[in-house]
Amino acid sequence: MAKEEISLDRKHLTSNLEERIAKGALFNIFTRLSNMIIQFGSVAILARLLEPKDFGLVAMVGVALELFMNFKDMGLSTATIQREEITQEQVNSLFWLNVLAGLLLTLIMASLGPLVSKLYNEPRLLLVTVCLGTVFLFEGLSAQHRALMERNMLFKSLSIVQITSQLVSKVVAIVAAYLGCGYWSLVFMGISVPLSRSVLLWSLLTWRPRFPSMAKGAWEMLKFGLNISGTRLLEFVTEQWDNFLIGKYLGPHALGIYSRSYNFLASPEKLILWPFSQTMTPALSAIQDDPDRLREKTVWAVERASFVLHPICLWIFLCSKELIYILLGPKWHEATAVCMILAFWAFARSTPTGSWWMLIVLNRVARFIKWRLVETFSICAGILIGLKGGVNGVALGLAISTLSLKVPEVLYCYRETPIKIRHFFSSIMPSFTSSFITLGIMSYLSYIFSFSGLLLNFLFKTVFYFGLYLFINWVIFKKDPI
């Protein structure tokens, strides 16, 4: 591949912005799907070369690693992407701040090695923790390179880098496992992802750091980045709270049922909304000084994302029984009720408000942190109350608390922005209404026309559900999402 020339001036991105967003989202979705396929394929091979205890040993370090991943780039990548105008000196300063943060996190992980080893009474974890901590240093070395690519919306090249680094890491792990390296093959895999990504990004981009210095405006960007890291930490707490409570008070069986259901229902958001959001930040940042266009593109994005995600979430509710049987097997039948409840949580989570994009672009992340604090407290409280009802109660508490926060989020986060609450409701109403009307009709039809075969039922529900959804959305509401 030819090296990418990086421009800090983004005026060239403002033309054909919708097309750039769509193409960027497709590349990001393709990358995520490709990485999932690579992951599943490599696990299938490694599971035959390694013992379960090898996976468990490395997983013991996973909690600490996942916690500090919230600070891996100190939010400075987002600062580079968001900044309307940025200088070479500022990017250089942020690069060295990223390297310093990566080195600091590597040293923190190394210092935690003895504690992790003692906690699990497993001496081998000392060196494993120290070695896995180096991922933060490699992340720091490439954070600004990746941010510059996103700033320039070079998602095709970034997709190649991401997929290649995943392939390299899995090949390294498989070869190491075949040679008898045991659990070390998984350690090598974890390290080689950011290492190979750094090598590829440095090879692909012409930009190079200069001698360390602190440019004017760098401290302000550091403050912005730390706020970003704060929101990530609060989200981490929210996402781990339910797993902790279920594991502690309801046991491993309940946690297994819940975690499989949760991961499945989180898939639409992770596979579609996250990649879409990744393109929105650089796209909207390029037009942040044009309020009318900023509003127009945000509403456009919310409408398109809702059109795709709303029916998928309610389709999962409709087909929960069949999906659980097909994907997990009959012994997981308890997960059906959990999936049906979490479908409404997924519906709420997958309804984009645009507030995150907007507050980042307008440099009002401090407001979003305040909202995250409210959201974290409310959801954690809902989960805790639901714990009395077992695993279904936890799912219900999560769903109700998440749904109830959507309107307050819009009311609070839209203040003093170009977007008003009426814009949000007008953009989601066609897909919202069409999805629920379709669900009601299909639930009735499924009750009347129930087939004996599970697969036949699934095909009937799926084909007629999405066909009816498109009919209602396009014909009745006269909405063409393309």
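A: Let us begin with helix H1 of this predicted model, whose buried residues are Leu-17, Ile-21, Gly-24, Ala-25, Asn-28, Thr-31, Ser-34, Asn-35, Ile-38, Ser-42 and Leu-46.

Q: Why do residues three or four places apart in an α-helix point the same way?

A: An α-helix has 3.6 residues a turn, so residues at that spacing point the same way. In this structure, H1 runs over residues 17-49 and reaches 47 Å from its first C-alpha to its last, close to the 48 Å expected at 1.5 Å a residue.

Q: Which helices do the buried residues of H1 pack against?

A: They pack against H2, H8, H9, H11 and H12.

Q: How many cavities of 30 Å³ or more are there, by the rule used here, and what lines the largest cavity?

A: The count comes to four, and the largest cavity holds about 110 Å³ of space. Helices H10, H14, H16 and H17 each give two or more residues to its lining, and H10 gives the most, with four. By class, the lining has four nonpolar, two polar and six charged residues, including Glu-235, Arg-349 and Arg-372.

Q: Is Thr-106 buried or exposed?

A: A residue counts as buried when its relative accessible area is under 20%, and Thr-106, at 10%, is therefore buried. Thr-106 is found in helix H5, and its side chain reaches the backbone nitrogen of Leu-137 at 3.3 Å. Leaving aside neighbours within four places in sequence, Thr-106 is in contact with Gly-133, Thr-134, Phe-136 and Leu-137.

Notes: Residues numbered from 1 in each chain as written. Predicted model: local features only at pLDDT ≥ 70, side-chain atom pairs only at ≥ 80, totals over all residues. Heavy atoms only, no water. Expected span 1.5 Å × (residues − 1). Buried < 20%, exposed > 50% of the residue type's maximum accessible area, 1.4 Å probe, protein only. Contact = heavy atoms within 4.5 Å. 1 Å grid on protein atoms, 1.4 Å probe; cavity = no way out; pocket = protein on both sides within 12 Å on 5 of 7 lines; lining within 4 Å. Points joined across faces, edges and corners; volume = space filled by probe spheres on them. Nonpolar A, V, L, I, M, F, W, Y, C, P; charged D, E, K, R; others polar. Polar contact = N/O pair within 3.5 Å; in protein donor to acceptor, adjacent residues only side chain to side chain.
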